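Let's take a friendly walk through a protein model, one spot at a time. Have a look at the picture first, and then read on.

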Amino acid sequence: MTDNNNTNTSSQSQVAATSTTKKVKQWFADTSIFVQGLDFVQGKAKTIDLSDLASDSGNSTLIDTNSDTNSNKTGNHLGNRELPETLQWLLLLKQHQVIQSMDYHFACFMYGELVIISESGAQTHAALTRAEINLILLLSAKLSYDMSLQDSCLNLELINLAQPFGWLAPELQSHSLTQNVLAQCAVTNTDMQDILLRSGLVEDQSGLIESKSALAKEPQHTEPQHIELLHDETPLVLFQQCLYMRRYFNYEHSVVKFISQNPSLNISTNVTAKSQLYWFDALSNEQVESTVAELFPQSQQLDTTSNEIDWQKQAVINSITKSFSVISGGPGTGKTTTVVKLLAALVQLYKPHDSKSGLNIQLTAPTGKAAQRLAESISNSLTNIDVDQETKRSIPNKAVTIHRLLKPQGLNDFAYNENNKLFLDVLIVDEASMVDLSLMSKLLSAVPAHAQVILLGDKQQLSSVETGNVLSELCRPETQSLNLVVELKKSYRFNAAGLIGRLATEINLGNSHKVISLLSEHANTDTQKLAASELNWIKPELDNYHLLIEHSFKHQLALIEKAKAFSDLQTDIKTDSGQAQNIATKSRGVLNELFNHLQQFQILTCVKDGEHGIEGINRHIKTRLASRRLVNQYEQHYHCRPIMISENAYHLGLYNGDIGLQLIDGITKQLMTYFIQADGEVLTVACQRLPKHETVYAMTVHKSQGSEFSHVALVLPEPNQNNKILSKEILYTGLTRAKKQFTLFGQAQEIQQAVNKATVRQSGLSLMLKANLK
C-alpha cells in the first residue's frame with residue numbers, strides 16, 4: 001500500500017511539474033523570449049538606446065498573469081517575473097556588437113530554466129535574490145562569450161566582474177544599466193560558486209575527482225542542496241573554479257579518463273590487475289635500454305662532461321612503457337625520426353610476446369596535408385635507421401586523417417566510438433596541436449583499452465581552430481610530474497646562431513624589443529635582396545607592399561614556364577602511343593617538379609579579408625597575371641592555378657588541406673586538377689567535380705600548419721584591422737613554416753603587440769588531470 005501511495009504521489013508530482021513546465025514555456029512563447037529573445041516583445045521591436053535609463057524598462061518588464069504574484073512588487077524573486085536588469089544590459093551590449101546574439105540568448109534560456117524551477121516548486125532552499133539572479137545570467141553570458149573565443153570553460157578565479165566583457169566604450173561604461181548590473185554582481189569567487197550551486201542549474205563535479213580545493217571548502221558548501229530539475233541533467237557543471245557547459249566538461253573528463261588508464265601513473269590501488277592489460281609491463285629495464293641503445297648509437301658518443309642529453313632517446317624510453325605519451329618539439333627537432341625509432345623499438349620488443357601477428361600500427365593527423373607529410377617523413381626516416389627489413393616492413397608508411405580513421409556517420413557521429421573500438425595496437429597522432437577538444441575526446445574514446453597512443457606536436461604552435469587546446473594543456477608545468485611529456489629541445493634544421501632560429505627563440509620568450517632589433521638589421525626595400533636573404537622585414541609605411549606581390553608574381557611566372565613541359569609531354573603521348581608508358585612516367589616527374597616549385601615560396605596571412613588578407617593578395621596576383629594575358633580575370637578555373645581543398649570529399653579521395661594544381665591536359669585540351677597523394681600517385685579530378693576550395697597564392701597561417709616551404713612571407717593585418725588575432729603563436733607558427741628564408745611584412749607596433757600577447761585559452765584539463773592522478 002505504501003509503495004502504491006508513493007507511486008501515486010510521484011506520478012502526481014510529475015504531472016504537476018509537466019503542467020508547470022508547459023505553462024511557463026507558453027509564457028515564454030507569448031513574450032518571444034525563447035524564440036527571439038527581447039528583440040521583439042508582444043510583436044513590437046524592442047531597442048535599448050544609450051539614452052535609455054535602467055528604470056525605463058517599459059515593455060521589457062514582464063509580469064506574471066498570476067494575481068498573487070502580481071501583487072508582490074518587491075522584485076526579490078522570480079515569481080513576479082520582472083525582467084532582470086542583466087538581460088536588458090546584455091541586449092544593449094548585443095545591439096552594440098560587444099557580445100553575440102547566442103551569448104544573449106543563452107542567458108535568456110538560463111533565465112527560463114530559473115523560472116521553470118521556481119514555478120515547479122522544486123526549490124528546497126531560500127529563493128535567489130534579484131542580485132543573485134543577475135549574477136547567474138551574467139556568468140552564463142560570459143561563459144558563452146568565452147566559448148566563442150575557443151575557451152572550454154570559464155575560470156571563476158580569473159573573471160573580472162568590473163569588466164566581464166573587456167573594455168567598453170565610455171558611453172556604454174557610464175550607462176546606468178552597466179552601473180546597476182556590475183554593482184549587483186560584485187561578489188567573491190566563493191560566493192559565486194555558492195550562488196551557482198544553489199541555482200539548481202549547476203552540478204558540482206569537484207567531488208568526482210578528489211582535489212585540494214574540494215577539501216578546503218567550508219562544511220556548508222561541501223554538500224550543497226541540489227534542486228531536482230525537470231531535465232535529466234543540469235546545463236552547467238562546476239569543477240573546482242571552472243564553470244563548464246556540460247558537453248565540454250564531458251569532453252575534458254573523457255580525455256582525462258583515458259589518460260588515467262596509464263599504469264605507470266600509479267593512480268589505482270589495484271595496479272597489478274590493471275597492468276596485466278598491457279604487454280609492455282612484462283618488459284625489464286634491461287630489455288628496453290639495450291634495444292633503444294642500438295637505435296641511438298650516436299648518443300653513446302656524447303661528451304658526458306657537457307651534460308648534453310639526447311632528448312630523442314629519452315622520448316623513446318619514456319613512451320615505450322606508457323599507454324599514453326606526448327613528444328613535443330619545434331620544427332627540425334626530429335619528432336618523426338624519434339617516433340620511427342620508437343615504433344622500431346616497440347616492434348622488436350613485441351616479437352617475443354607475439355611473433356605471428358605483430359603490432360597493428362596506425363598513423364593519423366588532423367588534415368590531409370598533415371597526413372601526407374607524416375607518411376612522407378616516416379618513409380624518409382625508415383631509410384636512415386639501421387634495423388632489419390622485417391622491422392621496417394612492420395612500420396606503416398601511409399597515414400589517414402582522423403575523420404577518415406573514425407569513419408564519419410552523420411553530423412559529429414563516427415562509426416568507431418566508445419562502443420565500437422578501432423582495430424589497432426599503437427596510434428600515432430601527428431600535429432596534435434591542431435586537434436580540437438571534441439575530436440580528441442572522440443578519437444580517444446574509440447581507442448581500445450590495450451592500445452598505446454603517442455601524440456606528436458609543437459606546444460608553441462597555434463591551438464586548434466575549434467574549442468580547446470589539448471596539447472598545450474598536457475604540456476603545462478602542472479602536469480610535468482606525471483612524466484607524460486618529453487620535449488625535444490635541439491633543432492637540427494635551424495642553427496641556434498641562424499637568423500630564423502634566433503628569431504623563433506626571441507618570439508617564444510616574448511622579447512619584443514629584441515625581435516624588433518633583429519628585424520631592423522634586415523629591413524628590406526630591394527626585390528633582389530628579398531630573394532637572397534635569410535631574413536627580411538618589409539615595412540608597410542614605406543609603401544613596399546608591391547615587393548611581395550611582385551615576388552609572388554615572378555614565382556608564378558616561373559611555374560607557368562615549367563608547366564609547358566607537362567603539356568608538351570601530354571601531346572607526345574597522343575602522337576607516339578608506343579612511348580606512352582615512358583612519357584607518362586616523365587609527365588609524373590614534371591608534375592613532381594611543379595609541386596616542388598610550389599613549395600619554394602608561399603605567402604601566409606593572418607586573416608582572409610582585406611588588402612593584407614587572402615582575398616586581397618590573391619586578387620592582386622591574379623590581376624598581374626591577367627595584365628600579361630596569362631589568365632582570364634573573370635574565370636574561376638585557369639591554367640597553373642594552385643588551389644587548396646577546404647572540406648573533406650571522401651568519395652574523391654580529397655581532404656581538407658590538400659594542395660592541387662590546375663593544368664591543361666595536352667591530349668584532351670581540358671583543364672584538370674592534379675594532386676600528388678601520400679603514396680606518390682597522381683590523382684586527377686575534373687574542375688567541375690572539385691569540393692569547396694580556394695586559390696592559394698596566399699593561405700592563412702592556420703591552414704599552413706603541417707606544411708613547410710623554402711621561403712615564407714608572413715603578412716600581418718592592416719593597422720587597426722583584425723588585430724585581435726595577432727599573437728606570438730601566430731608569428732611563431734608562420735615563421736617556422738620556413739625552412740630557409742623568412743620575410744615579415746608588418747609595422748613595428750603590430751609585431752610588438754603580437755610578441756607581447758600569448759594566447760591563453762581557459763581550460764580545466766590540466767587541473768583535472770593533476771587532481772585525478774594524485
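Which elements do the buried residues of helix 31 pack against?

## Helix 31 and its partners

They pack against strand 5 (236–239), strand 6 (242–245), helix 12 (246–259) and helix 21 (470–474). Helices (H or I, at least four residues) and strands (E, at least two) are DSSP runs, numbered from the N terminus. In helix 31 (residues 765–772), the buried residues are Leu-765, Ser-766, Met-768, Leu-769 and Ala-771; buried means under 20% relative accessible area (1.4 Å probe, protein chains only).

This is a predicted model, where local features need pLDDT of at least 70, side-chain atom pairs count only at pLDDT 80 or more, and totals for chains, interfaces and linings use all residues. Residues are numbered from 1 along each chain as its sequence is written, and side-chain values use heavy atoms, leaving out hydrogens and water.

## Two packed helices

Helix 16 (residues 335–350) packs with helix 17 (residues 368–382) at an angle of about 65°, their axes being 9 Å apart. Axes are lines fitted to C-alpha atoms, for helices over the stretch in contact, and angles run from 0 to 180 degrees between N-to-C directions.

Thr-336, Thr-337, Val-339 and Val-340 of helix 16 make the contact with Ser-377, Ile-378, Ser-381 and Leu-382 of helix 17 (contact means heavy atoms within 4.5 Å).

## A buried loop residue

Now find Ile-395, in the loop between helix 18 (389–394) and strand 9 (399–401). Ile-395 is buried, its relative accessible area being 4%. Beyond its neighbours within four places in sequence, Ile-395 is in contact with Val-340, Leu-343, Ala-344, Val-347, Ile-378 and Leu-382.

Key. Buried means under 20% relative accessible area, exposed over 50%, partly exposed in between (1.4 Å probe, protein chains only).
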